[in-house]
Amino acid sequence: MPQLPATPYPAEVRARLDADAKEVLARYPGSRSALLPLLHLVQSEEGFVSRTGVAFCAETLDLTTAEVTAVATFYSMYRRRAGGDYQVGVCTNTLCAVMGGDAIFDTLKEHLGVGNNETTDDGKVTLEHIECNAACDFAPVVMVNWEFFDNQTPQSATRLVDDLIAGRTVEPTRGAPICSYKDTARILAGFPDERPGAVEATGGAGPASLVGLKLAKGEALPKARVVSPRAGQPEGARPQDGQPHDPSPSEHLSSHAHPSPDHRPSTSPSGTPNISPQTSASDPEHPAGPAAEEGE
């Protein structure tokens, strides 16, 4: 059935959004370019992009609601329905899944009593799986309102969501302390984060990323070496079918192996022991993951 026109914003809300939109539009030579930040702006008002928000963006930019909706439904950072104060995204793409992302996601679903893209009854947490957080050298990675929590385990991720629900201050591995989803949306719209120290909070790339950058530039790497996939066998050799063997540090459980929630590989890909996090974020003593010589 055809829907009725979207309900307009209350007068005081519309006046405030008009003033903010004017500031956003002033940044761009063409008004259409302001659509993405305007979608974040209306999302900061209601916590999602409603039909009212779509109509506001269309009217402000002289677009059709169909044009605005096409953009809002294309990008996953725009919600189309109400969600929680904290968007908790668990990367379940290949590397994070192999390193424990699947176990983290399954543990959080059971712990929170929700499924993918569902929100807890108290309205605090919306859980979702993410295809890639673009932080593979910190795998497995969890994001809260787009801030990174690196080197997670089912236990540390459970503590993380418990801290969020309890209203405790939560600081990511890299970036500013977590704020609400609406506040995050306003920052993404291009308005300043006025919290003390928030702008200065940052983080650098991990060792694996920096090695890859140097390789891409053709720079020589000290102590670079190639590790055989299995100790004691020539490169490329495979065990006989059905023949058991002791897994090397470079081997990990498949994402289809259904690791138990408390599973954590005893060693990292570099062969160094993993350190279990002591807080809801990753271990502050090992923020970039297992230490290794550059190039290894």
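This is a predicted model: local features need pLDDT of at least 70, side-chain atom pairs count only at pLDDT 80 or more; totals for chains, interfaces and linings use all residues.
The lining of the second largest pocket splits by class into 8 nonpolar, 8 polar and 4 charged residues. The volume of the second largest pocket is about 400 Å³. Strand β3, residues 125-130, gives the most to this lining, with 4 residues.

Now step back to the whole chain. There are 8 helices and 5 strands. Read from the N terminus, the elements run α-α-α-α-β-α-β-β-β-β-α-α-α. The chain has 296 residues, and 39% of them count as buried. Take the contacts with a separation of 6 or more: 63% of them join residues 24 or more positions apart.

Next comes the interior. In soluble globular proteins, nonpolar side chains tend to be buried together. In this model, the largest nonpolar core has 23 residues. Leu39, Cys57 and Val68 have the most contacts inside it. The elements that give two or more residues to this core are α1 (11-25), α2 (35-46), α3 (51-61) and α4 (65-74). A second, separate core has 19 residues, including Ile104, Val125, Val144 and Leu164.

Leaving aside residues up to four places away in sequence, valine 68 touches Leu35, Leu39, Val54, Cys57, Ala58 and Leu63. Cysteine 57, one of these partners, counts as buried because its relative accessibility is 0%, under the 20% limit.

What of cysteine pairs? A disulfide needs two cysteine sulfur atoms within 2.5 Å. For cysteine 136, the closest cysteine sulfur is in cysteine 132, 4.5 Å away, so the two are too far apart for a bond. The count for the model comes to 0 disulfides. Cysteine 136 is partly exposed, because its relative accessibility is 42%.

Aspartate 20 has its place in helix α1. This aspartate counts as buried because its relative accessibility is 11%. Beyond residues up to four places away in sequence, aspartate 20 touches Leu41, Arg186 and Phe191. Leucine 112 lies in helix α5, which covers residues 94-112. Leucine 112 is buried as well, with a relative accessible area of 13%. Its contacts, with residues up to four places away in sequence not counted, are Thr120, Val125, Val161 and Ile165. Valine 125 is 13 residues away from leucine 112 along the chain, and their C-alpha atoms are separated by 8.4 Å.

Proline 140 lies in the loop between β3 and β4 (142-144). A cis peptide bond joins alanine 139 to proline 140, with omega about -5 degrees.

The next loop, between β4 and β5 (147-149), contains asparagine 145. Tryptophan 146 has its place in the loop between β4 and β5 too. Asparagine 145 has a positive phi of about 50 degrees, although it is not a glycine. Tryptophan 146 is not a glycine either, yet its phi is positive, at about 75 degrees. Tryptophan 146 counts as partly exposed, because its relative accessibility is 21%, and buried means under 20%.

Key. Residues are numbered from 1 along each chain as its sequence is written. Side-chain values use heavy atoms; hydrogens and water are left out. Buried means under 20% relative accessible area, exposed over 50%, partly exposed in between (1.4 Å probe, protein chains only). On a 1 Å grid over the protein atoms alone, a cavity is a set of points where a 1.4 Å probe fits but cannot get out, and a pocket is an open set with protein on both sides within 12 Å along at least five of seven lines; lining residues have an atom within 4 Å of a point. Grid points are joined across faces, edges and corners, and a volume is the space filled by probe spheres set on the points. Ala, Val, Leu, Ile, Met, Phe, Trp, Tyr, Cys and Pro count as nonpolar, Asp, Glu, Lys and Arg as charged, and the others, Gly among them, as polar. A nonpolar core is a set of buried Ala, Val, Leu, Ile, Met, Phe, Trp, Tyr and Cys residues joined through side-chain atoms within 4.5 Å. Contact means heavy atoms within 4.5 Å.
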